[in-house]
Amino acid sequence: MDALIKYKKIVAVFATIAWLAFTFSAFRGFHFWYAGFVFFLWLALGLLNYNQNSSFWFFKNRLVAFLKFYSVLVVTAFVADWIMGQQLANLWSYPHYDSLDDWLRLYFIIYPFGGLAILELAYFLSGIFSEKLSFVQKPYTNIHWLVDKLDVGLLFLIFAATLLAVGGILKGYTSFMVYGFLVWTVFGTWKLKYHISHWSHYIYILVATLFMSVFLHELPNVGTFEWKYNTAPMLNQEVLGIPLWVILGWYILVLGMVRLWIFLVLKPGQK
């Protein structure tokens with residue numbers, strides 16, 4: 001492992017060649033390209049971001065903390081993907097998955113390392129633009145209190161609606177979930193104002209991460225369909241074969257990963 005860090009730039013180059021190779025394999029019709037892509041993208045960016053103490057740094061130096069975060073990602077992915085996204089909302093499917101290995105790969109490699117790759121891309125872009133993630137403590141005003149309550153309250157309502165939908169009590173779950181998360185992004189983003197230095201500048205990093213992630217993660221899948229999207233309650237028009245609601249949904253993924261990383265790893269117990 002020490003040798004890996006010593007030659008991290010060289011290893012990052014080979015990891016980049018690997019994730020590019022998996023990208024090209026998608027364009028050639030290989031349906032199972034994504035696991036290798038996200039793992040090597042995470043490795044390449046994590047090595048380049050090593051001095052910023054990002055997720056790969058935690059993997060090497062604080063393995064227990066990394067594994068706890070990884071476990072949370074696995075559980076969160078299963079709930080968000082299988083229960084909410086597929087079974088209840090029917091927003092997407094995996095047409096070529098037909099074995100236990102496929103589903104284990106999805107929840108133990110694709111989702112956790114896909115999320116970590118998003119996080120590392122945000123770190124990488126913040127380093128380029130010198131807008132590193134740093135924290136401030138601002139006065140706890142009435143507006144701050146209200147944003148905190150709405151932020152947590154909306155997530156609680158979505159979770160409660162999911163339980164009701166599982167029990168067959170709630171109808172119209174898809175619209176509730178989609179619009180609920182859209183409203184949450186407003187308050188979830190606003191909350192950063194009270195905890196992050198130059199928060200408005202950091203939003204640009206999140207938006208840049210969103211668009212780069214859509215380009216890197218979604219475009220190779222168009223036509224290959226390791227996963228396939230269904231009709232959503234809104235924004236079903238497509239750009240380069242990618243529905244607009246998916247592009248908007250990537251901001252939820254980016255913001256959610258950064259918020260989860262802050263809450264569980266960087267600043268545990270942060271209000």
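**Close-up views of a predicted protein model**

Figure 1. S130 is exposed, with a relative accessible area of 60%; for a 1.4 Å probe and protein chains only, exposed means over 50%, buried under 20%, and partly exposed in between. The residue lies in the loop that joins α6 (100–128) to α7 (142–166). Helices (H or I, at least four residues) and strands (E, at least two) are DSSP runs, numbered from the N terminus. The phi of S130 is near 55°, a positive value in a residue other than glycine. Most residues other than glycine have a negative phi. The model is predicted: local features need pLDDT of at least 70 and side-chain atom pairs count only at pLDDT 80 or more, whereas totals for chains, interfaces and linings use all residues. Residues are numbered from 1 along each chain as its sequence is written, and side-chain values use heavy atoms, with hydrogens and water left out.

Figure 2. With a relative accessible area of 46%, N90 is partly exposed.

**Figure 3. The whole protein chain.** The chain holds 10 helices and four strands, arranged along the sequence in the pattern α-α-α-α-α-β-α-α-α-α-β-β-β-α. Its radius of gyration is 19 Å, close to the 18 Å that the globule rule gives for 271 residues, so the chain is as compact as a globular protein of that length. This radius is taken over C-alpha atoms, and the globule rule is 2.2 Å times the number of residues to the power 0.38. Along the principal axes, the C-alpha trace spans about 50 × 50 × 35 Å. Of the 271 residues, 46% count as buried. Among contacts (heavy atoms within 4.5 Å) with a separation of 6 or more, 74% join residues 24 or more positions apart.

**Figure 4. S54 and its partner E120.** S54 sits in the loop between α3 (34–48) and α4 (55–61). The residue is buried, with a relative accessible area of 0%. The side chains of S54 and E120 make a polar contact at 2.8 Å. Such a contact is a pair of N or O atoms within 3.5 Å; within protein, one atom must be able to donate a hydrogen and the other to accept it, and residues adjacent in sequence count only if both atoms are side-chain atoms. The two residues are 66 residues apart along the chain, yet their C-alpha atoms are separated by 6.9 Å. Leaving aside neighbours within four places in sequence, S54 is in contact with G46, N49, E120, Y123 and W261.

Figure 5. N221 belongs to the loop between α9 (199–218) and β2. This residue is buried, with a relative accessible area of 4%. Its side chain reaches the backbone nitrogen of E226 at 2.7 Å. Apart from neighbours within four places in sequence, the contacts of N221 are W33, E226 and W227.

**Figure 6. I203, in helix α9.** I203 lies in helix α9 and is buried, with a relative accessible area of 14%. Once neighbours within four places in sequence are set aside, I203 is in contact with T189, L192 and Y251.

**Figure 7. S175, in helix α8.** S175 is placed in helix α8 (residues 173–190). The residue is partly exposed, with a relative accessible area of 33%. S175 and P233 are 58 residues apart in sequence, whereas the distance between their C-alpha atoms is 6.0 Å. Beyond neighbours within four places in sequence, S175 is in contact with G180 and P233.

**Figure 8. The second largest pocket.** This pocket has a volume of about 210 Å³. On a 1 Å grid over the protein atoms alone, with a 1.4 Å probe, a pocket is an open set of points with protein on both sides within 12 Å along at least five of seven lines, and lining residues have an atom within 4 Å of a point. Grid points are joined across faces, edges and corners, and the volume is the space filled by probe spheres set on the points. The pocket is lined by 15 residues, of which F225, Y229, E238, G241 and P243 lie nearest its centre. The elements that give two or more residues to this lining are β2 (228–229) and β4 (242–243). The lining divides into seven nonpolar, five polar and three charged residues. Here Ala, Val, Leu, Ile, Met, Phe, Trp, Tyr, Cys and Pro count as nonpolar, Asp, Glu, Lys and Arg as charged, and the others, Gly among them, as polar.
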